[in-house]
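Please look over the model below before reading the points. The notes are meant to be checked against the coordinates.

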Amino acid sequence: MKRRNSRPPSQIDAARQVALGALAFLAGDPERIGPFLAESGLSPGDLRGVAGSTAFHVALLDYLINRQDLLIIHAGEAEIDPGHVVAAREILFHADMGED
């Protein structure tokens, strides 16, 4: 049976870890998570239910990428290149779409 996505699972898992790190970054400060929740239409209680969703991870990374000030702060705190966040978003987007 052919896999839905040809990316290695470790690459997708690494991208998910970037997204979960971004969620932890935003959730760690009410001034960061509040605007995200307002824009997404989610409540704090909704996060647990959607936190494992690839589509949610893509939306979360889109939010962070579109707020470069937050992206730079997060990347610095996580000790990653901001480009890794962009790459993670692309990997997850294509994984969710079932594309290569």
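1. Basis. This is a predicted model, in which local features need pLDDT of at least 70, side-chain atom pairs count only at pLDDT 80 or more, and totals for chains, interfaces and linings use all residues. Residues are numbered from 1 along each chain as its sequence is written, and side-chain values use heavy atoms, with hydrogens and water left out.

2. Confidence. The mean pLDDT (the predictor's confidence in each residue, from 0 to 100) is 90 for the chain, and 88% of its residues reach 70 or more. Confidence is highest in helix H5 (residues 68–78), with a mean of 97, and lowest in helix H3 (residues 47–50), with a mean of 89.

3. Fold. Six helices and zero strands make up the secondary structure of the chain, and the pattern along the sequence is α-α-α-α-α-α. Helices (H or I, at least four residues) and strands (E, at least two) are DSSP runs, numbered from the N terminus.

4. Of the 100 residues in the chain, 34% are buried; buried means under 20% relative accessible area, exposed over 50%, and partly exposed in between (1.4 Å probe, protein chains only). Among contacts (heavy atoms within 4.5 Å) with a separation of 6 or more, 68% are between residues 24 or more positions apart. The chain exposes about 5800 Å², of which carbon and sulfur atoms supply 55%. Accessible areas come from the Shrake-Rupley method with a 1.4 Å probe; for residues, only the protein chains shown count as cover.

5. Aromatic pairs. A search of the whole structure finds two aromatic pairs. Phe36 and Phe56 form an edge-to-face pair, with 6.0 Å centre to centre and 70 degrees between the planes. This pair links distant parts of the chain, since Phe36 is in helix H2 (residues 30–40) and Phe56 in helix H4 (residues 54–65), 20 residues apart. Both Phe36 and Phe56 are buried. The rings of Phe36 and Tyr63 have centres 5.1 Å apart and planes at 70 degrees, so this pair is edge-to-face. Phe36 lies in helix H2 and Tyr63 in helix H4, so the pair ties together parts 27 residues apart in sequence. Tyr63 is buried, as is Phe36. For reference, rings of Phe, Tyr and Trp (its six-membered ring) pair if their centres lie within 6.5 Å; planes under 30 degrees apart count as stacked, over 60 as edge-to-face and the rest as tilted.

6. Helix H6. H6 has 16 residues and spans 23 Å from its first C-alpha to its last, close to the 22 Å expected at 1.5 Å a residue; the expected span is 1.5 Å times one less than the number of residues. Its buried residues are Val85, Ala88, Arg89, Ile91, Leu92, His94 and Ala95.

7. Arg89. Arg89 sits in helix H6 (residues 82–97) and is buried, with a relative accessible area of 15%. Leaving aside neighbours within four places in sequence, Arg89 is in contact with Val58, Leu61, Asp62 and Ile65.

8. His74. In helix H5, His74 is buried, with a relative accessible area of 4%. Not counting residues up to four places away in sequence, His74 touches Val18, Gly21, Ala22, Phe25, Leu64, Ile80 and Val85.
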